[in-house]
Amino acid sequence: MISTPEPSQQFHTDADRTTADDPRRAAVRKALGNYKVARGKTENAFTSWPHARDAAAAIKYEGVNHLDRYLREFEEKFTARGGKVFWASNSAQAREYILGLARERGVKSIVKSKAMTSEEIHLNAALEKEGYAVVESDLGEFIQQLMHEPPYHFVFPCMHLKREEISALFERELGSAKTDSPEELTMIARRFMRRHYIDADMGISGGNFIVAETGMISITENEGNARLTTALPKIHVALIGIEKMVPKLADLALLLPMLATAGTGQHLTCYNSMYGGPRQPGELDGPEEFHVVLLDNHRTRLLADPEQRDALHCIRCGACLNVCPIFKNIGGHAYGTTYQGPIGSVITPHFRGLQDWKHLSGASSLCGACTEACPVKIDIHHHLLHNRRNAVQEQKVWWERLIWFGYVELMKRPWAFKIAMRLAPLGQKMHALVLGTPLDPVGAWTKTREFPQAAPQSFHDYWQERKEARK
Amino acid sequence: MNGDREALLARVTEALRVPAPLHHEKPTKPATHSVTAPFREWLPPVGAGAAEQVALFAKQSEVLRTEFLECPSPEAAVQHLAKLAQENGWKRLALHSGRLADAVAASLPGSLELLCIDGGYEKNALEACDAGLTECESLVAQTGSVCVTARSSGGRALSVLPPHHVVIASRSQLVPDLAAAYEYLAAKYGASYPSFISFISGPSRTGDIERILVLGAHGPKKLTILLVP
Ligand code: SF4
């Protein structure tokens with residue numbers, strides 16, 4: 001991604017541009033409309049979705065709040081079966097480890113299945129710089145890789161593209177024939193990818209859950225690309241955030257259906273696979289080596305905040321994006337973050353600096369749709385408020401303080417308040433003179449909205465008058 | 001070399017010193033709860049009897065676009081397989097050995113070349129097969145899923161690399177829900193689980209292009225499940 005001096009500046013310019021792109025917004029809305037219908041149906045099939053949410057929240061609470069214990073348990077179980085665990089405090093350590101592994105083992109080509117953690121640490125760029133050919137195998141990620149663009153949505157990476165655009169992209173990059181059939185396009189990618197699974201000597205994946213009890217990681221996918229990535233190459237590396245922990249294998253019996261329901265409206269995603277080690281004695285295939293890279297990269301910073309710790313319960317279903325009025329209008333790229341939408345706005349300030357990313361706390365109507373949609377009951381919209389509060393407490397803004405000071409002084413004195421009320425209509429007349437000019441002190445507001453009219457009479461006066469008249 | 005283990009774990013322990021408040025209600029335990037899966041009653045209802053569960057599995061299969069067939073006898077399964085081979089022009093079928101698979105393989109038409117991968121396989125040869133035949137651990141009624149593992153189903157690739165996956169299962173392998181499937185695995189394998197466990201729900205699919213469903217993204221385009229008595 002291009003580095004920008006001011007994330008908030010960039011955000012406003014990008015959001016202005018993307019909200020003006022009506023056809024794109026319509027396409028995104030249509031895709032998300034289908035999601036809403038499918039999800040509603042699947043959710044209703046549950047005997048009790050609200051109880052299921054509480055149970056799911058409790059599982060993640062347990063996993064995250066005893067993370068140290070469960071990480072140790074995972075390591076012990078996983079290494080006993082021949083797996084290797086690497087603990088990465090930051091993105092540089094994770095990148096170095098994977099690069100070192102590729103160098104040492106003489107790896108030539110790498111196939112990847114979807115891993116948001118690899119976006120987070122910019123793994124592809126690092127691997128390519130060293131001359132490794134890296135292919136994203138998830139269809140959406142593959143398209144985004146060819147587009148040289150980050151994913152638009154962490155579950156639906158290319159939901160903003162229309163089939164014509166994808167066809168033109170494939171024509172240009174793969175030399176395929178023009179087509180307007182999504183099926184044809186999928187088959188082009190399928191044919192292209194087959195060779196890569198067979199030739200690759202390293203497969204890199206993410207992971208949706210870490211299971212402490214049995215030393216496994218679990219991967220959820222629809223396409224089968226992760227299964228191929230983890231079956232054929234001789235080395236499998238899974239890059240996974242430490243917070244993905246669940247205590248027991250049977251916990252997945254709840255979390256997998258809930259992830260599918262909230263994520264795409266399916267009862268269960270097509271493939272839910274649990275991997276506990278490399279190929280075991282007596283098994284006929286599978287990688288010779290299996291490395292799990294446990295990534296911190298500032299997750300412990302969020303963990304240290306009890307108030308917002310539950311943001312680490314996130315199972316990355318994407319539901320909060322799908323229902324968010326802001327996401328629907330500004331789209332995924334405007335956020336400028338690895339994790340878009342409401343949950344991204346909550347966690348990014350913890351990961352990348354509160355002052356630089358606090359503007360995302362304002363990218364919300366506080367309608368609470370995200371919180372309601374969340375399968376693990378993360379209090380998303382309140383966390384946006386917490387971030388606003390924390391940002392102000394940490395670094396006060398002088399003009400905001402001045403305004404609040406004035407307001408408090410005014411409200412303490414009824415006589416001053418009365419005068420201010422009387423003066424309001426006059427002030428509004430004066431305001432009309434500068435409205436729309438650079439002199440307008442509230443120009444940012446009035447640019448897109450009408451300023452509310454001050455009532456000719458205050459309610460207090462009206463009430464007095466009415467009482468008088470009734471006497 | 002295991003990286004920053006001590007420092008990372010120390011940070012985690014330090015971070016957890018102050019407990020977090022609960023944002024959720026303490027989960028209510030349903031009237032009849034199982035110890036391993038106290039939540040199972042909140043999931044979609046499954047029905048009590050075996051007949052109901054077979055019916056549910058059939059219904060879910062339809063939604064998932066799985067071809068599900070209850071065969072009255074193993075011979076009927078062979079017949080259907082032969083029909084599939086003919087209709088789809090299969091030349092090569094890959095499979096692993098096992099009680100159910102062997103019985104079927106023995107009576108398939110001789111024109112179909114069989115690749116048994118028990119002793120390993122060459123990737124290109126497996127990729128060139130038209131279908132893969134596997135057994136499974138269990139069938140999950142609630143979600144219409146097949147549970148395969150590296151040990152029961154011919155490793156990791158057989159059930160995903162060829163374009164048509166055929167599962168042969170017996171009626172007794174049907175379980176009500178995912179929790180039951182996990183209980184079964186725990187009872188069977190104890191602490192030495194296979195290195196790969198997967199729940200397969202329908203043929204491979206994607207919705208990445210305009211959220212339109214396309215089958216056969218990278219895995220099988222077709223999934224057939226043959227249930228024998
Ligand atoms: S915060 Fe909740 S709704 Fe949003 S992606 Fe995470 S789990 Fe899903």
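## Exercises on a predicted two-chain model

Chain B has six helices and 12 strands. Keep in mind that this is a predicted model. Grab the structure and let's work through it.

**Exercise 1.** Find out what share of chain B is buried, and what its C-alpha trace spans along the principal axes.

*Solution.* 
- Start with the outline: the C-alpha trace of chain B spans about 70 × 50 × 45 Å along its principal axes.
- Next, burial: 56% of the 229 residues in chain B count as buried.
- Finally, look at contacts with a separation of 6 or more: in chain B, 71% of them come from residues 24 or more positions apart.

**Exercise 2.** Decide whether Thr224(B) is buried or exposed, and list what it touches.

*Solution.* 
- Locate it: Thr224(B) is part of strand β12, residues 222-228 of chain B.
- Check the accessibility: buried means under 20% relative accessible area. Thr224(B) has 1%, so it counts as buried.
- Now the contacts. Skipping residues up to four places away in sequence, Thr224(B) touches Glu67(B), His80(B), Leu84(B), His164(B), His165(B), Val166(B) and Val167(B).

**Exercise 3.** Which residues have the most contacts inside the largest nonpolar core?

*Solution.* 
- That core has 155 residues, and Phe170(A) and Leu294(A) have the most contacts inside it.
- Its top contributor is helix α12 (residues 252-264) of chain A, which gives eight residues.
- Zoom in on Phe170(A): beyond its neighbours within four places in sequence, its contacts include Phe142(A), Ile143(A), Leu146(A) and Leu185(A).
- Another core lies apart from this one, with 23 residues, including Phe86(A) and Val107(A).

**Exercise 4.** Describe where the ligand sits and what surrounds it.

*Solution.* 
- The ligand sits in the second largest cavity.
- Around the ligand are 14 residues, and the closest are Cys314(A), Cys317(A), Gly318(A), Cys320(A) and Cys374(A).
- Sort the shell by class: 12 residues are nonpolar, one is polar and one is charged.

Terms used: Residues are numbered from 1 along each chain as its sequence is written. Chains are lettered from A and ligands numbered from 1 in the order in which they are written. This is a predicted model: local features need pLDDT of at least 70, side-chain atom pairs count only at pLDDT 80 or more; totals for chains, interfaces and linings use all residues. Side-chain values use heavy atoms; hydrogens and water are left out. A residue is near a molecule or strand if one of its heavy atoms lies within 4 Å of it. On a 1 Å grid over the protein atoms alone, a cavity is a set of points where a 1.4 Å probe fits but cannot get out, and a pocket is an open set with protein on both sides within 12 Å along at least five of seven lines; lining residues have an atom within 4 Å of a point. A molecule sits in a cavity or pocket if more than half of its atoms lie within 2 Å of its grid points. Ala, Val, Leu, Ile, Met, Phe, Trp, Tyr, Cys and Pro count as nonpolar, Asp, Glu, Lys and Arg as charged, and the others, Gly among them, as polar. A nonpolar core is a set of buried Ala, Val, Leu, Ile, Met, Phe, Trp, Tyr and Cys residues joined through side-chain atoms within 4.5 Å. Buried means under 20% relative accessible area, exposed over 50%, partly exposed in between (1.4 Å probe, protein chains only). Helices (H or I, at least four residues) and strands (E, at least two) are DSSP runs, numbered from the N terminus. Contact means heavy atoms within 4.5 Å.
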